[in-house]
Amino acid sequence: SFFGAAKDLLGISPAWGSLTGVRPSKEGRLLDIGAGTGYFAREMQRRGFAVEAVEVSEDARKVAEKNAGIKEKDISALATFENESFDAITMWHVLEHVYNLADEWQTLRRLLKNDGRLVIAVPNCASLDAKHYREFWAAYDVPRHLWHFNSHTMKLMAEQYGFKIMSIHPMPFDAYYISMLSEKYSGRKPYFLRGMMFGTYSWFKTLCNKKNSSSLIYVMRKL
């Protein structure tokens, strides 16, 4: 979708800043889990990574191959990758959909090189827009979103499974999309205009405190 592609591409700048230091002298190897329609994977490939992309949706895999030229594998391919075979692993708005978090974290630790980087983006349930919209906050997205995270719970979970958070980056533009949907769910019209207004307010507040951001990017390494 348009919004899916936009969210992929808006994440490139902070992600690239966190990944430029992980590539060895030869081509770095990157795994994108939940690669969707493949735009992020294609951009990372263009920037010099050897990319493996996995996606649970067959329809999304077809779109990725047709529109982005990325041949994604089924999510079951994770079991076939060798231990410590990736310099970087990325998950963009995927972890909140995972049924078994323990298995997922153990897989991430198994696949990432000891000096590699793990980049995870998830909605922030302590964000300004989450507090404002409360039960109408679109990023709760029940039942598709099984888990909800803030910076504290992400830190605890990362450490539990042998990772350390090195840096946290905001995704302030997510607030526009989430605010528009939240206004729609709350029945307040015109929801597009109201969402744009609150999204702009949220964006400015995020400049002062990144933990206000609708979504957060966590960059991690192994302990």
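Which backbone nitrogen does the side chain of Asn150 reach?

What you see is a predicted model, in which local features need pLDDT of at least 70 and side-chain atom pairs count only at pLDDT 80 or more, while totals for chains, interfaces and linings use all residues. Residues are numbered from 1 along each chain as its sequence is written, and side-chain values use heavy atoms, with hydrogens and water left out.

Now to the opening question. The side chain of Asn150 reaches the backbone nitrogen of Thr153 at 2.8 Å, a polar contact, that is, a pair of N or O atoms within 3.5 Å, where within protein one must be able to donate a hydrogen and the other to accept it, and residues adjacent in sequence count only if both atoms are side-chain atoms. Asn150 itself sits in the loop between helix H6 (128–133) and H7. Helices (H or I, at least four residues) and strands (E, at least two) are DSSP runs, numbered from the N terminus. Beyond its neighbours within four places in sequence, Asn150 is in contact (heavy atoms within 4.5 Å) with Asn124, Cys125, Ala126 and Tyr218.

Let me turn to the chain as a whole. Its secondary structure comes to nine helices and six strands. Of its 223 residues, 50% count as buried; buried means under 20% relative accessible area, exposed over 50%, and partly exposed in between, with a 1.4 Å probe and protein chains only. Among contacts with a separation of 6 or more, 73% join residues 24 or more positions apart.

What of the interior? The largest nonpolar core has 31 residues, of which Trp105, Ile120, Met154 and Met220 touch the most other members. Such a core is a set of buried Ala, Val, Leu, Ile, Met, Phe, Trp, Tyr and Cys residues joined through side-chain atoms within 4.5 Å. A second, separate core of 17 residues includes Phe49, Ala88, Ala121 and Met171. Returning to Met220, and leaving aside its neighbours within four places in sequence, its contacts include Trp105, Ile120, Met154 and Phe163.

In helix H3 (residues 39–46), the buried residues include Tyr39, Phe40 and Met44. Gly48 follows H3 and has a positive phi, near 115°.

I come next to the charged pairs. There are twelve salt bridges, each a side-chain nitrogen of Lys or Arg within 4 Å of a carboxyl oxygen of Asp or Glu. One of them pairs Glu52 with Lys73, with the closest N and O atoms 3.2 Å apart. Because Glu52 belongs to strand S2 (residues 50–54) and Lys73 to the loop between helix H4 (58–68) and S3, this pair ties together parts that are 21 residues apart in sequence. Glu52 is buried, at 17% relative accessible area, whereas Lys73 is partly exposed, at 35%.

Glu183 and Arg194 form another salt bridge, their closest N and O atoms being 3.1 Å apart. Glu183 lies in helix H8 (residues 174–186) and Arg194 in helix H9 (residues 191–208), so parts eleven residues apart in sequence are tied together. Glu183 is buried, with a relative accessible area of 2%, and Arg194 is partly exposed, at 34%. Through shared partners, salt bridges also join Arg29, Glu52 and Lys73 into one network.

Finally, how many disulfides does a search of the whole structure find? The search finds zero, a disulfide being a pair of cysteine sulfur atoms within 2.5 Å. Cys125 is partly exposed, at 23% relative accessibility, and Cys208 is exposed, at 71%.
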